[in-house]
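Here are my notebook entries from a first look around. Come along and keep the view open beside you.

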Amino acid sequence: MKKTNARILSLLAAIGLTVSLTAGCGSKPAVPPSTASGTTSASSVSSAAQPAGSAFNAEGLPIMKEPTPLKVLTTRWGSMGDSFTKNQFLIDLEKSTNVKPEWQIQSLNDWGDQKNIMLASQELPDVILGSQTFGDQEILNNLNLFLDMTSLIEQYMPNLKGAM
């Protein structure tokens, strides 16, 4: 069970770290340009995923050459707290990658209201973790707020691609 949880957490961390490539790394817009159909084109994702300068290591660790903040929102049931942030695996991952998560813990008790406010304001964190965060309809109605990670998975995540 612990090994499965570690694998899931590793996968989520890898996805989150990949998303961090587009967060605050240069003067590119926060939202990649969309095609006429409203979906993000593969070429715009690739260009948006390339940070300005040389702060990003395409291979090996650390992923970022300088400490880089990453806003990560996760949903939890009311009494679960934030003890997971003190997990040794996450502490080691932060040290080895140079990506510094800024955790935002959101209670599922009022997630529906908070989610609607975030979508309406178009101010989302870099990564959102949780199985009860956004439904397909919410994502489809707000494609301009979400990054299509297909090309990033192809380019930077061969192990995940192989597992798919």
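**Entry 1: a threonine in a loop.** I began with the side chain of T85, which reaches the backbone oxygen of D82 at 2.8 Å. A reminder to myself: this is a predicted model, and I read every distance here with that in mind. Where does T85 sit? I found T85 in the loop between strand 1 and helix 3, the helix spanning 88-97. Next I looked up what T85 touches, leaving out residues up to four places away in sequence, and got L90, I91 and W103.

**Entry 2: the whole chain.** I then stepped back to get my bearings. The protein chain has seven helices and three strands. Reading from the N terminus, I wrote down the order of elements as α-α-β-α-β-α-β-α-α-α. I also checked burial: of the 164 residues in the protein chain, 34% are buried. The accessible surface of the protein chain comes to about 10,000 Å², and carbon and sulfur atoms hold 54% of that surface. Last, I looked at contacts between residues at least 6 apart in sequence, and 68% of these join residues at least 24 apart.

**Entry 3: aromatic pairs.** How many aromatic pairs does the structure hold? I counted four. One of them is F56 with Y156: the ring centres are 5.3 Å apart and the planes stand at 90°, so I noted this pair as edge-to-face. The cut-off for that label is an angle over 60 degrees. F56 lies in the loop between helix 2 (42-49) and strand 1 (68-76), while Y156 belongs to helix 6 (residues 150-156), so to speak a link between distant parts of the chain, 100 residues apart. Buried or exposed, I wondered, for F56 and Y156? Both F56 and Y156 turned out to be buried.

Entry 4: I moved on to W111 and F134. Their ring centres are 5.8 Å apart with planes at 70°, so this pair is edge-to-face as well. W111 is in helix 4 (residues 111-121), and F134 is in the loop between strand 3 (127-129) and helix 5 (136-141). The two residues are 23 apart, and their pair links distant parts of the chain. I checked burial here too: W111 and F134 are both buried.

Terms used:
Residues are numbered from 1 along each chain as its sequence is written. This is a predicted model: local features need pLDDT of at least 70, side-chain atom pairs count only at pLDDT 80 or more; totals for chains, interfaces and linings use all residues. Side-chain values use heavy atoms; hydrogens and water are left out. Helices (H or I, at least four residues) and strands (E, at least two) are DSSP runs, numbered from the N terminus. Buried means under 20% relative accessible area, exposed over 50%, partly exposed in between (1.4 Å probe, protein chains only). Contact means heavy atoms within 4.5 Å. Accessible areas come from the Shrake-Rupley method with a 1.4 Å probe; for residues, only the protein chains shown count as cover. Rings of Phe, Tyr and Trp (its six-membered ring) pair if their centres lie within 6.5 Å; planes under 30 degrees apart count as stacked, over 60 as edge-to-face and the rest as tilted. A polar contact is a pair of N or O atoms within 3.5 Å; within protein, one must be able to donate a hydrogen and the other to accept it, and residues adjacent in sequence count only if both atoms are side-chain atoms.
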